[in-house]
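Me: Hi! I've got a structure to go through with you, and I'd like to take it piece by piece.

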Amino acid sequence: MSVLDLGVPAVPGAATPTTDTTGRPDDARLVDSWGRVATDLRVSLTDRCNLRCTYCMPAEGLEWMPTEQALTDDEVVRLVRVAVERLGVQEIRFTGGEPLLRKGLEDIVGATAALDPRPEMSVTTNGLGLTRRAAGLAAAGLDRVNVSLDTLRRERFAEITRRDRLDDVLAGLRAAREHGLDPIKVNTVLMPGLNDDEAPDLLAWALDEGYELRIIEQMPLDAGHSWQRDRMITAEQVLASLRTRFTLTEDPAERGGAPAERFLVDGWTGPDGSPAKVGVIASVTRPFCGTCDRTRLTADGQVRTCLFSQTENDLRGILRGGGTDEEIAAAWRVAMWGKKPGHGIDDPGFLQPDRPMSAIGG
Ligand code: SAM
Ligand code: SF4
């Protein structure tokens, strides 16, 4: 059965849904037609944000999603429950926009932690507000946190995020550590002429603090559609820069569906005494689509199979139309069967998705 079979109208303005299930086996999981199985769910809790990172949002912000279009806390929890109980999802990451802007985040995390089997749970955040929320989130059952930070220099931070809040992010990171969220990963995007000289400093700082640094290649997901392939810092450049100060060896551990290529930093240990690591996420130059195990849910209840999808399948309509859990699960399976083999950034016909990163959920 597909969303269309249920007679549910598509969300106005949303991308067209996937409907073809030709060849799909009778498998309850989120299998796709290229042999992959999605077990990792990224849930966007809002498209709003209190920063304006230049590679993500315009200075004036965006037209936010009207409140009634966004899923309520109960609706989010229901979809997460369906994903865990019926579709085999094992890992949930809450993101946005800025997920800490969601007042009910602790309740959503608590309800997710009560699911059986209990999924692994993490939040990707810009860190603002973590000083106040880390204790409650840890108590509710959050396992891990990823904090985005592109520079340790106050003026640069203000230039990149268009807000003078570096100290608040650093305090948020410390609060996460004090409340036992572990590991703490720091996500960094490097941009030429802005912070591309800072990789070794960021790694030295992360090693001292016990955080795991992960440097992400900038992707064509900015609201202004201004990304240029020849203006991005590649993983190769990142590694060359880090190696000016550190000796890195490839992590022999199995990578699985993880986006980050991890390297051991010679001479350093992490907080638990194991070798310290640094990650590079080469989404553009060394894509990992072949092992992708992700499915995504936008804040308005649309399934996206990839950051770069041109299709979305509506679950909110089924949910609000009185659909059963099994109908929701069935629609989600249909969406995933249509997942493309790769993001296609290098294809001549590549089109940047209409939704920017902040509205997809990074
Ligand atoms: N606001 C939260 C934060 O910044 O962590 C969560 C949402 S944000 C969209 C998630 C991640 O996407 C962040 O680490 C951010 O640096 C990254 N990101 C945003 N735009 C990006 C782009 N164009 N290319 C690569 N990463 C991007
Ligand atoms: Fe906000 Fe995160 Fe986008 Fe920065 S990257 S503008 S913090 S959503």
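Me: Where does Pro183 sit?
Reply: Pro183 is in the loop between α5 (166-178) and β7. Helices here are DSSP runs of H or I with at least four residues and strands are E runs of at least two, numbered from the N terminus. This is a predicted model, where local features need pLDDT of at least 70, side-chain atom pairs count only at pLDDT 80 or more, and totals for chains, interfaces and linings use all residues. Residues are numbered from 1 along each chain as its sequence is written, chains are lettered from A and ligands numbered from 1 in the order in which they are written, and side-chain values use heavy atoms, with hydrogens and water left out.

Me: What kind of peptide bond joins Asp182 and Pro183?
Reply: A cis one, with omega about 0°. The bond from Asp116 to Pro117 is also cis, with omega near 0°. Pro117 belongs to the loop between α2 (105-113) and β5.

Me: And what is the phi of Arg162?
Reply: Arg162 has a positive phi of about 60°, although it is not a glycine. You'll find Arg162 in the loop between α4 (154-161) and α5.

Me: Is Arg162 buried, exposed or partly exposed?
Reply: Arg162 counts as partly exposed because its relative accessibility is 31%. Buried means under 20% relative accessible area, exposed means over 50%, and partly exposed is in between, using a 1.4 Å probe and protein chains only.

Me: On to the ligands. Which residues are closest to ligand 1?
Reply: Tyr55, Gly97, Glu98, Ser148 and Met219 are the closest of the 17 residues surrounding ligand 1. A residue is near a molecule or strand if one of its heavy atoms lies within 4 Å of it. β5 (120-125) and β7 (184-189) each give at least two residues to that shell.

Me: How many nonpolar, polar and charged residues are in the shell around ligand 1?
Reply: The shell has 5 nonpolar, 10 polar and 2 charged residues. Ala, Val, Leu, Ile, Met, Phe, Trp, Tyr, Cys and Pro count as nonpolar, Asp, Glu, Lys and Arg as charged, and the others, Gly among them, as polar.

Me: Which backbone atoms lie by a nitrogen atom of ligand 1?
Reply: A backbone N or O atom of Tyr55 lies 3.1 Å from a nitrogen atom of ligand 1. For Gly97, a backbone N or O atom is 3.0 Å from a ligand nitrogen, and for Met219 a polar backbone atom is 2.8 Å from one. The protein buries 95% of the 550 Å² that ligand 1 exposes when taken alone. Those areas come from the Shrake-Rupley method with a 1.4 Å probe.

Me: What does UniProt say about Tyr55?
Reply: The unreviewed UniProt entry lists Tyr55, Gly97, Ser148 and Met219 under "binding site". UniProt positions are in the numbering used here, feature names are shortened, and annotations may be inferred rather than shown by experiment.

Me: Okay, where is Tyr55, and what does it contact?
Reply: Tyr55 is in the loop between β3 and α1. Leaving aside neighbours within four places in sequence, Tyr55 has contacts that include Asp150, Ile160, Val189 and Leu221, where contact means heavy atoms within 4.5 Å. Tyr55 counts as buried because its relative accessible area is 16%.

Me: Is Met219 buried or exposed?
Reply: Buried, with a relative accessible area of 12%. Met219 is in the loop between β8 and α7, and it touches residues including Trp227, Leu307 and Phe308, not counting those up to four places away in sequence.

Me: Switching over, what surrounds ligand 2?
Reply: Cys49, Leu51, Cys53, Cys56, Gly97 and Asn126 surround ligand 2. By class, that shell has 4 nonpolar, 2 polar and no charged residues.

Me: Which cysteines does UniProt list?
Reply: Cys49, Cys53 and Cys56 are listed for "binding site" in the unreviewed entry. Cys49 lies in the loop between β3 (40-44) and α1 (73-87) and is buried, with a relative accessible area of 17%. Cys56 lies in the loop between β3 and α1 and is buried at 15%.

Me: Which residues does the Radical SAM core annotation cover?
Reply: The UniProt annotation "domain: Radical SAM core", from an unreviewed entry, covers residues 33-259. That span is 33% helix and 16% strand, and its end C-alpha atoms lie 21 Å apart.

Definitions and conventions: A polar contact is a pair of N or O atoms within 3.5 Å; within protein, one must be able to donate a hydrogen and the other to accept it, and residues adjacent in sequence count only if both atoms are side-chain atoms.
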